Amino acid sequence: MSDADTRADTATADPAGPERPETEVCPGCGAVLVAAPGPVTSSPGASPSCTSLFEVTVRGLREDAAQDLRTAALLQLAGDAYAAQHPVAGEPAAAAVRLCLWLERSTDPLRAGELAGRVADAAPRLATRPVRWTTTVADLAADLDVVDLPALVPSWADAVWADWGAAHPAVRAAADVAMAGSAAGR
Ligand SMILES: [Zn+2]
């Protein structure tokens with residue numbers, strides 16, 4: 001027996017030490033992110049780190065939305081894209097209906113509050129959800145260095161809506177019901 005044999009035996013210790021940064025997979029969009037430090041309130045259907053990244057990404061929009069209607073509309077679109085990408089099982093797909101209204105029916109996102117009740121009434125409970133997403137908040141945050149939010153948010157929203165493709169007929173029907181109720185209510 002040599003010393004080398006003894007050393008070989010001791011080299012089999014677990015290489016994964018406690019120093020590894022803890023990551024978590026977002027249950028909504030699937031983004032793998034370093035776990036957010038400290039207590040973070042997460043959106044329903046999202047990991048705390050994903051919610052936190054979204055909030056950081058749209059912070060500038062939130063600060064300007066009160067003074068600028070176009071920024072407010074962009075913030076509404078961003079919030080609905082995020083919510084549509086983080087559906088809660090068993091809940092009505094209201095965010096997907098709102099995306100349909102803003103993107104396909106040319107409805108002003110600033111009418112979200114006024115339409116909230118009708119959208120909630122019309123929103124379908126969908127049995128399936130997209131299994132993969134073209135663009136996540138992690139992609140959005142990574143692109144922010146070179147493209148600004150007024151360009152990024154609409155293309156992200158378009159991608160989220162396209163990913164919902166299998167549910168488009170049900171969501172479009174609900175959007176039309178919501179707008180019909182809107183017209184009749186005047
Ligand atoms: Zn997420």
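This is a predicted model: local features need pLDDT of at least 70, side-chain atom pairs count only at pLDDT 80 or more; totals for chains, interfaces and linings use all residues.
User: What makes W164 buried or exposed?

Analyst: Start with the cut-off: a residue is buried if 20 or more other C-beta atoms lie within 10 Å of its own. W164 has 24 such atoms within 10 Å, so W164 is buried. W164 is found in the loop between α8 and α9.

User: Which residues does W164 touch, leaving out those up to four places away in sequence?

Analyst: W164 touches A84, A96, P130 and V171. Take A84: W164 and A84 are 80 residues apart in sequence, yet 8.7 Å apart in space, C-alpha to C-alpha.

User: How do you know whether V160 is buried or exposed?

Analyst: The cut-off for buried is 20 or more other C-beta atoms within 10 Å. V160 has 25, so V160 is buried. V160 is found in helix α8. Leaving out residues up to four places away in sequence, V160 touches A81, A84, Q85 and L99. V160 and L99 are 61 residues apart in sequence and 8.8 Å apart in space, C-alpha to C-alpha.

User: Which residues of α5 and α6 meet?

Analyst: From α5 come A94, V97 and R98. They meet A112, V119, A120 and A122 in α6. By class, this contact of α5 with α6 has 6 nonpolar, no polar and 1 charged residues.

User: How do α4 and α8 pack?

Analyst: Their angle is about 35 degrees, and their axes are 9 Å apart. α4 passes α8 in a left-handed crossing. On the α4 side are L74, L77, A78, A81, A84 and Q85. They meet L149, P150, V153, P154, W156, A157 and V160 in α8. The residues of this contact divide into 12 nonpolar, 1 polar and no charged.

User: Which residues in the largest nonpolar core touch the most other members?

Analyst: A96, V97 and L99 do, out of 48 residues in that core. α2, α4, α5, α6, α7, α8 and α9 each supply at least two residues of this core. α5 gives the most, with 9 residues.

User: What does V97 touch, not counting residues up to four places away in sequence?

Analyst: V97 touches V119, A122, A123, V171, A174, A175 and A178.

User: Which residues in α2 are buried, and what do they pack against?

Analyst: S49, C50, T51, S52, L53 and F54 are buried in α2. The buried residues of α2 pack against β1, β2, α4 and α7.

Key: Residues are numbered from 1 along each chain as its sequence is written. A nonpolar core is a set of buried Ala, Val, Leu, Ile, Met, Phe, Trp, Tyr and Cys residues joined through C-beta atoms within 7 Å. A residue is buried if 20 or more other C-beta atoms lie within 10 Å of its own, exposed if 12 or fewer, and partly exposed in between; C-beta atoms are placed from the backbone. Helices (H or I, at least four residues) and strands (E, at least two) are DSSP runs, numbered from the N terminus. Two residues are in contact if their C-beta atoms, placed from the backbone, lie within 7 Å. Axes are lines fitted to C-alpha atoms, for helices over the stretch in contact, and angles run from 0 to 180 degrees between N-to-C directions. A crossing is left-handed if the near helix is turned anticlockwise from the far one by less than a right angle, and right-handed if clockwise. Ala, Val, Leu, Ile, Met, Phe, Trp, Tyr, Cys and Pro count as nonpolar, Asp, Glu, Lys and Arg as charged, and the others, Gly among them, as polar.
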